[in-house]
Amino acid sequence: DNALHYYRSVLAQDPQDAEAREGIDRIGAVLEARLESALTERRVEQAARAIELLRSIRPDDTVLAASAAQLAEQRVSAALARGDADEAGELLRAAVTAGVAPEQLARLRDQLARLDASRRAAQLTRLVRARIRDGQLLSPPADSAKHFLGQLLGLPDGERLGAEVRAELARAL
């Protein structure tokens, strides 16, 4: 129950109806403005809906590809900001096919790698502390505080991230 539906119904009956074509063009212009606004304000769901509707009106519009790429980038960035590495990884794979520029993809991949490293560091920190609390400082060799601290220190920026638990292990030893 909307204007687009009615204009399409008219065109289904009379494909040459100029008023219906003009009405669809006006709706397209409004949707373009909504899309631009949604992308500028990072309202990804509204932007996605506008792209979907515009594609239904103009399936061969090449300008929509740039907007779709921008939307894909915004979705990945939003997932990264929420700390959802799994979703960000999935969205990043989709962003490749959406046409996101290689330099943007590289930046997003770097952010995802940092998020993954941060999550891994937090997990290893918890394991080191748990093993210290349980008295498993050096053994068993593959499940001790020393073992997990070594993994933590091996991460990018691991020396900085592991400094505190390194001191905790040293005190416990």
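Which residues in α6 are buried? Keep in mind that this is a predicted model, then select 102-134, which is helix α6. The buried ones are L105, L108, L112, L115, A117, A121, L124, T125, V128, A130, R131 and I132. Now bring up what covers them: α4 (63-82), α5 (85-98), α7 (145-153) and α8 (158-172) are included in that cover.

While α6 is still highlighted, check its length. Its 33 residues reach 47 Å from the first C-alpha to the last, close to the 48 Å expected at 1.5 Å a residue.

Next, pick α4 and α5 together. They pack at an angle of about 165°, with axes 9 Å apart. Angles over 145 degrees count as roughly antiparallel, so that is what α4 is relative to α5. Their crossing is left-handed. For side chains, show A65, A68, A69, A72, R75, V76, A79, L80 and R82 in α4, which meet E87, A88, L91, L92, A95 and A98 in α5.

Now for the largest nonpolar core, with 20 residues; L4, L31, L35, A47, I57 and L71 have the most contacts inside it. α1 (3-13), α2 (18-40), α3 (44-57) and α4 each supply at least two of its residues, and α3 gives the largest share, eight. Zoom in on I57: beyond its neighbours within four places in sequence, it is in contact with L4, R8, I24, I27, G28 and L31.

Last stop: another core lies apart from that one, with 15 residues, among them L80, A85, A95 and L112.

Conventions
Residues are numbered from 1 along each chain as its sequence is written. This is a predicted model: local features need pLDDT of at least 70, side-chain atom pairs count only at pLDDT 80 or more; totals for chains, interfaces and linings use all residues. Side-chain values use heavy atoms; hydrogens and water are left out. Helices (H or I, at least four residues) and strands (E, at least two) are DSSP runs, numbered from the N terminus. The expected span of a helix is 1.5 Å times one less than its number of residues. Buried means under 20% relative accessible area, exposed over 50%, partly exposed in between (1.4 Å probe, protein chains only). Contact means heavy atoms within 4.5 Å. A nonpolar core is a set of buried Ala, Val, Leu, Ile, Met, Phe, Trp, Tyr and Cys residues joined through side-chain atoms within 4.5 Å. Axes are lines fitted to C-alpha atoms, for helices over the stretch in contact, and angles run from 0 to 180 degrees between N-to-C directions. Angles under 35 degrees count as roughly parallel, over 145 as roughly antiparallel, 65 to 115 as roughly perpendicular and the rest as oblique. A crossing is left-handed if the near helix is turned anticlockwise from the far one by less than a right angle, and right-handed if clockwise.
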